[in-house]
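This report describes a protein chain from its computed geometry. The sequence and structure come first, followed by notes on selected regions.

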Amino acid sequence: MEYDLENPLLGFQEDQSDTIPYLFASELDHMPCLNYVSSFETRDLDVSVRREGISLILQMQFSCNFDPSIQYLAVNYFDRFISRQEVPHEKPWMLRLLGISCVSLAAKMKRIDFSLTDFQREEGFIYDTQTIQRMELLILGALKWRMRSITPFSFVNFFLSFFKLKDPPLRQALKARATEIIFKAQREIKLLEFKPSIIAASALLSASHELFPLQFPCFRTAISASTYVNKEKLLDCSNVMHTIVMDSYESVLDTVSCSDTPVNVLDLHCSSSQSEKVTTTTSSLGTVRSERDIKRRKISDFCCNEKSFQLSQIQQC
């Protein structure tokens, strides 16, 4: 059965009433090793490897225009693999092979036809089908064949039920914004230390803070009261998530300000005379006001040994 980010156990869990407890109990098995993030502090090379690997996966997603869920799943496989197996930096072909294989596995899980033809010859390297299949088997072994990954999307609907929104369009808008935040946040290394459930809860809180600021305190209290939530972790994750969102806003504002149009020139003149007090942005859900000087502000009120696998098994043809 096709894998679904929101329902990873669909078709494999007979008693659906036990699905939520099982997801929370099993989410650690679908995360990178616990020391993965801390290793980045002393090994800059790992940061470079991850950045290059994700960049390759994003390029493939852009070239093939496939479902974003394939990209998300492929990066999940990539992170979990390299947290258990070091990728030799002196062999760039191996990193590319790993990225291609992760995308190939993700596409298979989604049951989407994915042609590797365009990627089997990259920068002078030739990846034949057999070599890719051998790398896929290596990944499967490292991940203990847990390919139906439990991700933040698996918990969105659960935490969404804490938001007492009777209007379906508003409920859908909140879910859509939280989903967008989760997709964008995947590249942030700091978030890898948090459980998928905490990331889901933080994304929903961040989205509700944007869309329903007056109701936000009630939402925050409801989620914090959940027996599945560690309040301290939720606070830490929410702060990281807030920074990601603000970085995204500033990126958009900078792009607009760089556009040399009469309207923007006038806007810049007015904003400089008023010391850039407030930037007002209009959306379909209303008017959202944001100040540039809050970009780095923490929102403290948001809420209260693996088996070794040898890459030498894979030989470049």
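## Loop between α6 and α7

Lys144 sits in the loop that runs from α6 (129-142) to α7 (153-160); helices (H or I, at least four residues) and strands (E, at least two) are DSSP runs, numbered from the N terminus. The model is a predicted one, in which local features need pLDDT of at least 70, side-chain atom pairs count only at pLDDT 80 or more, and totals for chains, interfaces and linings use all residues. Residues are numbered from 1 along each chain as its sequence is written, and side-chain values use heavy atoms, with hydrogens and water left out.

The phi of Lys144 is near 55°, a positive value in a residue other than glycine. Lys144 is partly exposed because its relative accessible area is 46%; buried means under 20%, exposed over 50%, and partly exposed in between (1.4 Å probe, protein chains only). Trp145 lies in the loop between α6 and α7 and has a positive phi of about 60°, although it is not a glycine. Trp145 has 59% relative accessibility and therefore counts as exposed.

Pro152 is also placed in the loop between α6 and α7. With a relative accessibility of 4%, Pro152 counts as buried. Pro152 and Ala200 are separated by 48 residues in sequence, and their C-alpha atoms are 4.7 Å apart in space.

## Helix α5

Helix α5 (residues 92-109) has 18 residues, which should span 26 Å at 1.5 Å a residue; its end C-alpha atoms are 26 Å apart, so the two values agree. The expected span is 1.5 Å times one less than the number of residues in the helix. Most of α5 is covered, with 16 of its 18 residues buried. Just after α5, Arg111 takes a positive phi of about 55°.

## Aromatic pairs

The structure holds 13 aromatic pairs. Rings of Phe, Tyr and Trp (its six-membered ring) pair if their centres lie within 6.5 Å; planes under 30 degrees apart count as stacked, over 60 as edge-to-face and the rest as tilted. In one of the pairs, the ring centres of Phe163 and Phe219 are 4.4 Å apart and the planes meet at 50°, so this pair is tilted. The pair links distant parts of the chain, 56 residues apart: Phe163 is in the loop between α7 and α8 (168-185), and Phe219 is in helix α10 (residues 216-224). Both Phe163 and Phe219 are buried.

Phe219 also pairs with Phe212, with ring centres 6.4 Å apart and planes at 85°, so this pair is edge-to-face. Phe212 and Phe219 are both buried. Ring pairs also link Phe24, Phe155, Phe158, Phe159, Phe162 and Tyr228 into a cluster.

## Packing of α9 and α10

Helix α9 (residues 196-211) packs with α10 at an angle of about 165°, their axes being 9 Å apart. Axes are lines fitted to C-alpha atoms, for helices over the stretch in contact, and angles run from 0 to 180 degrees between N-to-C directions. The helices α9 and α10 are therefore roughly antiparallel to each other; angles under 35 degrees count as roughly parallel, over 145 as roughly antiparallel, 65 to 115 as roughly perpendicular and the rest as oblique. The crossing of α9 and α10 is right-handed; a crossing is right-handed if the near helix is turned clockwise from the far one by less than a right angle, and left-handed if anticlockwise.

## Cysteines

A disulfide is a pair of cysteine sulfur atoms within 2.5 Å, and by this rule the count comes to zero disulfides. Cys33, at 17% relative accessibility, counts as buried. Cys237 counts as buried at 0% relative accessibility.
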